[in-house]
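Dear colleague,

I am handing over the structure below, and I would be grateful if you could look through it alongside the notes that come after it.

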Amino acid sequence: MRGIQKISAATPTMEGAGVHLHRAFGFGDTEPFDPFLLFDDFRNDQPEHYLKGFPWHPHRGIETITYVLAGEVEHQDSLGNSGSLRPGDVQWMTAGSGILHQEMPRGDEQGRMHGFQLWANLPASLKMTDPRYQDIPSAQIPVVTEDDGTSVRVVCGEFAGQRGPVDGVAAQPRYLDVSIPSGVSRELPVETSRHAFAYVFEGDANFRDASAPGEFAGNRSLVLFDQGDSIRVQAGDDGARFLLVSGEPLREPVAWRGPIVMNTRDELVQAWQELQDGTV
């Protein structure tokens, strides 16, 4: 059973043209999360805090995973792609050799704009691969429902014989949206070789087993796990809903500046020079 390295709260920050969000990790020591670099929670109920969105900006060397729960995100890119992400939809963007795009959120009738963005690193061998999108509508994401009422949306990877629609991702991640009813305890498998974290966004949950009881992790709590082949979770009185994300670590050097992540400083300087020259 995996123990817990730490439980931390996502911290308020601003990105883009003034979007208020909460950052669970990123722009610091990301080795414990390798191959993941950053996780943002952009749930917000105040349109003035998100409508200015994320105007045109570059990416290279990473993949961005956007999961929308409420509202919409309209996107465009320098390759001529455009579209809209609606509740339950996922976009897995492989920036590869470089892309310019913008993401502009719109709230629902109640003014809600809810969702998450995860950044995954690309290995050196794929840093300069061709950019591509995987836009996944909600209806294509399989849902596993257990007898105890536990529900798992399988965005990426495999769970209980169901495979998520996102494929061909370098880190072979598993991205699950897990809902557990009040008081229910579950054991969920996670391969020993993977780094794994959970992010609670509804209710609260205890991620320690009965022999080592600990505090319940509530809304906007990040739980970073130690090694092991499974996690145990018990939902609190109001149930629990959380993302469970795991991936094979790349164990490669990281040279990082803003939205561009390479392996060496020279590669980073070259990337920004190409951006300045307009050759991305």
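Predicted model: local features only at pLDDT ≥ 70, side-chain atom pairs only at ≥ 80, totals over all residues.

Residues are numbered from 1 along each chain as its sequence is written, and side-chain values use heavy atoms, with hydrogens and water left out.

The secondary structure of the chain comes to one helix and 23 strands (DSSP runs numbered from the N terminus, H or I of at least four residues for helices and E of at least two for strands). A compact globule of 280 residues would have a radius of gyration near 19 Å, and the 18 Å of the chain agrees with that (taken over C-alpha atoms, the globule rule being 2.2 Å times the number of residues to the power 0.38). Along the principal axes, the C-alpha atoms fill a box of roughly 60 × 45 × 35 Å. Of the 280 residues, 53% count as buried (under 20% relative accessible area, with exposed over 50% and partly exposed in between, for a 1.4 Å probe and protein chains only). Among the contacts with a separation of 6 or more, 72% are accounted for by residues 24 or more positions apart (contact meaning heavy atoms within 4.5 Å).

Strand β7 (residues 72–77) runs antiparallel to β8 and is joined to it by four bridges; V73 has L85 as its bridge partner in β8, and Q76 has S82. The two strands β7 and β8 form a hairpin with four residues between them, and G80 in the turn has a positive phi of about 95°.

The structure also holds 15 aromatic pairs (rings of Phe, Tyr and Trp, the last by its six-membered ring, with centres within 6.5 Å; planes under 30 degrees apart count as stacked, over 60 as edge-to-face and the rest as tilted). F25 and F33 form a stacked pair, 3.8 Å centre to centre with 5° between the planes, and both residues are buried. The rings of W119 and W256 have their centres 6.3 Å apart and their planes at 45°, so this pair is tilted; it links distant parts of the chain, with W119 in strand β11 (residues 114–121) and W256 in strand β22 (residues 255–257), 137 residues apart. Ring pairs also link F25, F33, F36, F39, F116, F197, Y199 and F201 into a cluster.

Finally, P35 lies in the loop between β3 (19–25) and β4 (36–41) and is buried, with a relative accessible area of 0%. Leaving aside neighbours within four places in sequence, P35 is in contact with several residues, including W119, A171 and P249.

Conventions. Pairing = 2+ DSSP bridges.
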